[in-house]
Amino acid sequence: MTQDELKQAVARAAIAYVVDGEIIGVGTGSTANFFIDELATIKDRIKGTVASSEATAARLRGHGIAVYDLNEVNEIAVYIDGADEITASGAMIKGGGAALTREKIVASVSRQFVCIADGSKLVETLGAFALPVEVLPMARAAVMRRLAALGGQPRLRLKPGTEQAFITDNGGEIIDVAGLSITDPVGLEQQINQIVGVIAVGLFARRGADVCLLGTSDGVKTLTF
Ligand SMILES: O=C[C@H](O)[C@H](O)[C@H](O)COP(=O)(O)O
C-alpha cells in the first residue's frame, strides 16, 4: 500500500468517531485532507465543524460543510487530526504544516482527540522530526537562543524557495528545532511554553491523543491511551 492509501484508510476509519448532530474539530495536513473528503460524504449527519487552519476551512467550505468560529461554539465532540510523530503513549509532535497553535486550541476544547496517521509516524522517542515552535516575530532571536540552550538546533522556517520567513495564519513565525531526543515530553512542553515570545509549541503531551488510528499494511490498528 502507498502512504496515501494508508492515510486514506485511517481517514475512512475515523468516520466511526464522528458524533451525529455535533460539532467536529478538523485538523490540518495531508491526512486531515483525506478525512475532510470522507466527512463530506456524511456531512448531513453533523452540525458543522471548527477548522484548525485557513486551508482546512477552505477545503471544508468547498465541500459545503459548515465551519464555525470557535467563539460561537460551546463544545467540540471530537477532534480529528494527523501528526508528524506519535509515541505508544499518545504524545505527539505536530506542526509540520504550521498549524500547531490553532490545532492545540481546538484540541484543548474537544472531548476526544483522534489521531490519524500512517504507520511511519509511530516512534519510540519524539524528536527525529524537528520540533516546530510558533513565535511572535519580534521575539524570534531571543526565543532561538533559549531553544538552543535546551540542547536543540533551532532554525527559522522559510517560505519555500525564498529567504523570507514563513508566516502562519496567526501572523507568527515558525522555528523548527532539530536534534532533540525528547524523553520527557510533558516537561519539555512546559519548559518551552514558559519562554516569553512563544505562542505555542508543537509538542502535544499534556493533552495528547486519546485514540490513534494507525495505517499499516496489515490494516488500521487502533491504539487507545
Ligand atoms: O501543522 C500541521 C499538522 O500538525 C499536521 O497534522 C501534521 O504536520 C501531519 O501532517 P500530514 O498528515 O500531512 O503528515
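The following dialogue explains how to read several features of a predicted model.

Student: How many residues of domain 1 are in contact with domain 2, and how much area is buried between them?

Tutor: Contact means heavy atoms within 4.5 Å. By that rule, 14 residues of domain 1 are in contact with 17 residues of domain 2. Buried area is the accessible area (1.4 Å probe) that two parts lose on being put together, summed over both. For domain 1 and domain 2 it is about 1200 Å², with 57% on carbon and sulfur atoms. Leu100, Thr101 and Lys104 supply 38% of the area that domain 1 buries against domain 2, more than any other three residues.

Student: Which salt bridge and how many polar contacts are found between the two domains?

Tutor: A salt bridge is a side-chain nitrogen of Lys or Arg within 4 Å of a carboxyl oxygen of Asp or Glu. The count between domain 1 and domain 2 is one. Lysine 104 forms a salt bridge with glutamate 189, and their closest N and O atoms are 2.8 Å apart. A polar contact is a pair of N or O atoms within 3.5 Å; within protein, one must be able to donate a hydrogen and the other to accept it, and residues adjacent in sequence count only if both atoms are side-chain atoms. Nine residue pairs, both at pLDDT 80 or more, are in polar contact across the interface of domain 1 and domain 2.

Student: Which element supplies the largest share of the side of domain 1 that touches domain 2?

Tutor: Helices (H or I, at least four residues) and strands (E, at least two) are DSSP runs, numbered from the N terminus. The largest share, four residues, comes from helix 4 (residues 100-108). For residue classes, Ala, Val, Leu, Ile, Met, Phe, Trp, Tyr, Cys and Pro count as nonpolar, Asp, Glu, Lys and Arg as charged, and the others, Gly among them, as polar. The residues of this side of domain 1 divide into four nonpolar, five polar and five charged.

Student: Is aspartate 118 buried or exposed, and what does it touch?

Tutor: Buried means under 20% relative accessible area, exposed over 50%, and partly exposed in between (1.4 Å probe, protein chains only). Aspartate 118, found in strand 6 (residues 110-118), counts as buried because its relative accessible area is 2%. Not counting residues up to four places away in sequence, aspartate 118 touches Gln3, Leu6, Lys7, Leu214 and Gly215. A polar contact of 2.4 Å joins the side chains of aspartate 118 and serine 120.

Student: Are serine 110 and serine 89 buried or exposed?

Tutor: Serine 110 lies in strand 6 and is buried, because its relative accessible area is 8%. Leaving aside neighbours within four places in sequence, serine 110 is in contact with Ile76, Val78, Tyr79 and Arg207. Serine 89 lies in the loop between strand 4 (85-86) and strand 5 (92-93) and is exposed, because its relative accessible area is 58%.

Student: What phi does alanine 98 have, and where is it placed?

Tutor: Alanine 98 has a positive phi of about 70° although it is not a glycine. Alanine 98 is placed in the loop between strand 5 and helix 4, and it is buried, with a relative accessible area of 9%.

Student: How many salt bridges does the rule count, and which pair links distant parts of the chain?

Tutor: The count comes to 13 salt bridges. One of the pairs is glutamate 38 and arginine 12, whose side chains meet at 3.4 Å, N to O. This pair links distant parts of the chain, with glutamate 38 in helix 2 (residues 30-40) and arginine 12 in helix 1 (residues 3-14), 26 residues apart. Glutamate 38 is buried at 15% relative accessible area, whereas arginine 12 counts as partly exposed at 48%.

Terms used: Residues are numbered from 1 along each chain as its sequence is written. Side-chain values use heavy atoms; hydrogens and water are left out.
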